[in-house]
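Thanks for coming. I'll keep this short. Please look at the screen.

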Amino acid sequence: MSDKTTSRNRMRKVVIGAAGLGAAMVVAACGGSVGGGSDAEITTVSKGDAKASGTLVISNWPLYIDENTVSNFEKDTGVKVKYVEDYNDNTGFFGKLRPQLEQGESGGRSIIVPTDWMASRMDGLGYLQHFSVPDDLPNVEANLRDDLKSPAFDPDRAFSVPWQSGMTGLIVRTDLAPDIRSINDLFDPKYKGKVTMLSELRDTVPLVMKADGINPDDATKEDWLKTIDKIESAAASGQIRDFTGNDYAGPMVRGDVVAAIGWSGDAVQLQADNPDIEYRMPTQGCILWSDNMVIPVGAPNPNAALEWINYVYDPEVAADIAEYVNYITPVDGAKEVLAKKDPELANNQLIFPSASYTADCSNQPSLDAADEQEIEQAFERAITG
Amino acid sequence: MSGGRRTLPYLLLFPGLLWLVVFFVIPLVYMGELSLRTGSLTEGFFFNWQFSNYSDVLSDYSQQFLRSFIYAGVATLLALLIAYPLSYAISFRGGKYRNLLLFLVVAPFFTTYLIRTIAWQTILTDQSPLVEFLASIGLTSNGRILDTPASVIAGLTYNFLPFMILPLYTSIDTLDRRLIEAAKDLYASSKTAFLKVTLPLTAPGIVAGTLLTFIPASGDYVNAYFLGGRNQAMIGNVIQSNYLVTSNYPAAAALAFILMLIILLLVVIYIRFAGSEALMGDEASAN
Amino acid sequence: MEAASIHNEGGASPFKRASRAIGDKLLPIFAGLAILYMLIPIVVIAVFSFNDPQGRYNFEWVGFTTEHWTNAFGIPELTSSLVTSLQLAAVATVISAVLGTMIAIALVRYEFYGRKPTNFLIVIPLATPEVVIGAGLLSMFISFSFPLGFVTLLIAHVMFCISFVVVVVRSRLIGFDRSLEEAARDLGATPAQTFRLVTLPLIAPGIIAGSLLAFALSIDDFVISNFNSGTTVTFPLYIFGASQRGIPVEVNVIATILILVALAAMAIVLWQQYRADKMAKVEPEPDPMLEHPRESRKHAVTKQTP
């Protein structure tokens with residue numbers, strides 16, 4: 001090849017490269033805004049006069065409903081229900097749905113069931129529709145437990161209605177670790193590499209705080225970060241085997257894990273897998289939370305959604321659900337209904353905990369918006385190996 | 001060639017290449033742009049030439065980067081040590097069962113990737129006879145295999161073995177046996193014949209196999225997720241969680257970009273060192 | 001190293017003979033162990049597809065039952081995810097096969113500017129970790145606020161399949177005997193006819209092989225799909241979600257079925273090959289006196305791999 005051709009080739013390459021770069025920058029400049037929540041106004045939905053009809057798509061956590069409620073609802077109202085159990089954890093689901101919610105879409109869903117803090121975050125970003133409990137949800141108005149009527153994140157219940165409540169505490173393989181009764185026992189070197197904690201920041205850190213005598217409701221940012229440090233060292237030393245979502249149960253069934261921070265309702269269901277699995281109330285108390293039904297933006301059938309929310313607050317229906325799900329029902333009157341059918345279940349502390357049982361428990365705390373990102377990222381780094 | 005035919009190749013190339021440019025090259029540009037944004041989920045992410053994202057994620061996650069390349073490297077080596085003799089045996093000793101054996105070797109990988117990996121949870125559970133045996137001879141840490149680096153590396157090795165076997169086997173199988181015969185006729189021992197004839201001639205296969213194994217393995221997160229727990233998180237896990245869980249897009253994009261650049265760098269160095277052009281093959285001569 | 005000695009291979013030393021015998025056996029034994037190693041998880045999956053767990057988790061053997069086999073498609077979400085995967089794979093395969101074949105033909109048959117960059121562009125996706133490809137696509141979709149779902153999945157799948165199809169078809173095209181095409185043209189066929197009636201049927205096995213590869217890759221894809229599926233659920237994504245709360249036994253059943261299908265497909269291919277070999281061997285009765293052992297070896301070395 002002659003020199004002239006080589007330098008011409010080189011020139012050509014440079015020009016093409018520059019053109020490519022320029023084109024790339026132009027293309028990139030076409031990118032739109034990312035994040036920031038929806039700018040649209042908050043919409044309010046109401047029942048109106050029309051009878052509920054059509055199809056209702058509900059996204060809920062797995063194993064969170066009995067076998068009959070859906071078909072009963074369909075029979076009683078004529079609404080067809082598509083019940084999908086794809087809500088596996090708050091952040092994961094949020095991460096996947098967020099881009100659509102930002103555009104005012106919900107992917108066809110009319111009801112989703114986030115935990116308190118996630119419901120609060122979604123509303124803050126403008127992803128939820130509001131409703132009026134007194135006007136459209138008479139059963140809720142009448143039967144919602146008093147202690148759930150006015151939570152800090154949604155004082156008027158304008159956008160969330162509890163589906164089930166639950167306790168975060170200790171799930172233990174009583175045959176392999178009979179003496180674990182406190183969160184601090186999880187730090188016992190005897191059980192090194194055989195315990196897990198939840199990757200849910202607002203469950204794990206407050207529990208560890210309580211075990212150290214700190215009240216989560218009064219905790220400062222420094223308290224949070226210090227507790228996160230404690231957890232991080234335990235993880236680094238191998239004391240804590242893993243930080244899990246719902247999947248703490250598998251290793252426990254196998255016996256690889258003997259104790260975990262987990263959720264009360266799970267323990268009862270897991271007894272079918274292994275009868276030695278038990279929920280234990282930590283000596284310093286548990287964390288109480290609720291999963292809430294919310295109506296996202298772009299919900300195709302808000303009318304039917306309101307109908308469903310009202311329906312499940314009928315004490316008879318609530319009793320059916322509680323009987324299967326084994327979490328704490330938010331509906332007054334369900335206990336009495338259940339007492340007639342199954343008195344033992346009605347006295348089960350996991351479903352109808354007495355005030356004394358949960359005396360030391362704290363509500364799941366929400367973080368100040370100012371501190372939230374820093375604490376979340378610190379925790380994320382702490383639990384990632 | 002007639003004038004009309006001059007446009008034909010471009011017409012043939014256009015749709016496919018356009019797809020690749022629009023859906024592979026351009027997204028990388030967007031990823032780069034996203035990596036230079038700043039902000040938060042609640043307030044939105046704004047473009048800000050935020051190069052500090054890169055230094056931030058490098059300092060935060062240097063351990064995971066290192067870990068990823070170490071795991072992938074060890075897994076690639078193990079895969080090579082398993083695949084080479086296996087391919088050699090099938091090619092040289094397989095006889096008429098060669099294709100069947102090759103298939104038997106590759107068939108397991110028709111089950112879904114996830115299920116294969118999860119099956120190892122059952123096999124490597126702490127209580128299993130295998131693990132208890134390994135523990136008794138002291139080959140485990142804390143008496144277990146799961147949730148340790150060993151199980152992640154084992155998973156990576158297993159899952160990427162076909163990527164190593166197929167190029168190796170192709171290379172070994174197309175070896176001209178007469179060359180080995182010739183070497184032996186010249187009084188070379190089996191060992192010499194192997195080292196001086198077979199190995200160098202199958203070098204392109206080795207290069208291709210190691211690249212095809214190392215590259216995907218270093219970005220993998222499935223094995224670390226199911227077999228390693230969060231203490232063995234690889235950089236793929238971090239990228240996945242930053243994109244899909246914490247929605248920290250700029251950091252996630254920066255991480256992915258760095259991963260790509262490091263791999264590119266390693267590949268360039270490796271190919272220069274191994275000196276093989278067999279990879280990209282030029283067809284101009286095939287016309 | 002050993003000096004070239006006449007006693008090299010027929011070594012008189014019993015030690016050498018013994019070590020060579022062991023060495024001889026070592027290789028097949030190693031290969032056998034390796035194959036066993038690769039089959040272990042498959043056996044576990046298949047065995048546990050007959051398990052009868054009482055709870056959510058399928059980790060310990062409880063009892064034997066075939067109910068999950070008879071009711072393999074009884075879980076609606078599982079079945080619909082499988083259907084989604086199949087639909088996705090089918091469409092993606094067709095598109096990527098067409099686009100990929102066109103590129104392969106252009107690469108092998110024609111001269112054009114930009115051959116090197118084209119090669120580069122084809123190979124680079126193969127050399128990029130899936131996490132980067134998936135993340136890149138997601139970044140672009142996010143920037144455009146493009147809704148994630150089946151369409152974005154399709155785009156992604158076609159994208160990573162094209163390169164594989166090109167590589168497979170290209171290798172088939174390179175080994176192609178052009179004289180057949182020349183013969184067709186000598187007999188008066190137009191270029192279009194030649195392509196349609198001679199070239200295409202002859203490269204069809206390559207296109208089919210590439211398509212099968214693309215199909216398998218698409219069905220099995222997890223990482224790129226995880227990033228770009230939004231809320232659409234493919235089969236691997238279903239498994240991922242289910243792994244959080246207990247994977248139903250039906251998943252094991254379907255995984256085992258997939259292997260059986262692959263085995264059946266391979267059996268068919270092998271049988272076809274066997275028949276083709278047999279037909280190619282139609283020749284006058286071989287004279288055992290004339291048959292030379294070396295003949296079969298030469299046959300093996302020059303045999304075309306399909």
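Is A:Thr329 buried or exposed? Keep in mind that this is a predicted model. A:Thr329 is buried, because its relative accessible area is 3%, and the cut-off for buried is under 20%. Where does A:Thr329 sit? In chain A, in the loop between α12 (315–325) and α13 (334–341). A polar atom of the A:Thr329 side chain lies 3.3 Å from the backbone nitrogen of A:Val331. Now leave out neighbours within four places in sequence. A:Thr329 is then in contact with A:Arg145, A:Gln164, A:Ala318, A:Ala322, A:Ala334, A:Ile351 and A:Phe352.

Next residue. A:Ile183 is in a loop of chain A, between β5 (161–173) and β6 (195–198). A:Ile183 is buried too, with a relative accessible area of 1%. Not counting residues up to four places away in sequence, A:Ile183 touches A:Leu170, A:Leu207, A:Val208, A:Ala211, A:Ile261, A:Pro282 and A:Gln284. Take A:Ile261 from that list. From A:Ile183 to A:Ile261 is 78 residues in sequence, but 8.1 Å in space, C-alpha to C-alpha.

Now chains B and C. How many residues of chain B are in contact with chain C? The count is 91, against 92 residues of chain C. The area buried between the two chains is about 8400 Å². Carbon and sulfur atoms give 77% of that area. The largest share of the chain B side comes from helix α1 (residues 3–35), with 24 residues. By class, the chain B side has 66 nonpolar, 15 polar and 10 charged residues. What about specific pairs? Between chain B and chain C, 8 residue pairs are in polar contact, both residues at pLDDT 80 or more.

Note on methods. Residues numbered from 1 in each chain as written. Chains lettered and ligands numbered in written order. Predicted model: local features only at pLDDT ≥ 70, side-chain atom pairs only at ≥ 80, totals over all residues. Heavy atoms only, no water. Helix = DSSP H or I, 4+ residues; strand = E, 2+ residues; numbered from the N terminus. Buried < 20%, exposed > 50% of the residue type's maximum accessible area, 1.4 Å probe, protein only. Polar contact = N/O pair within 3.5 Å; in protein donor to acceptor, adjacent residues only side chain to side chain. Contact = heavy atoms within 4.5 Å. Buried area = accessible area lost by both parts, 1.4 Å probe. Nonpolar A, V, L, I, M, F, W, Y, C, P; charged D, E, K, R; others polar.
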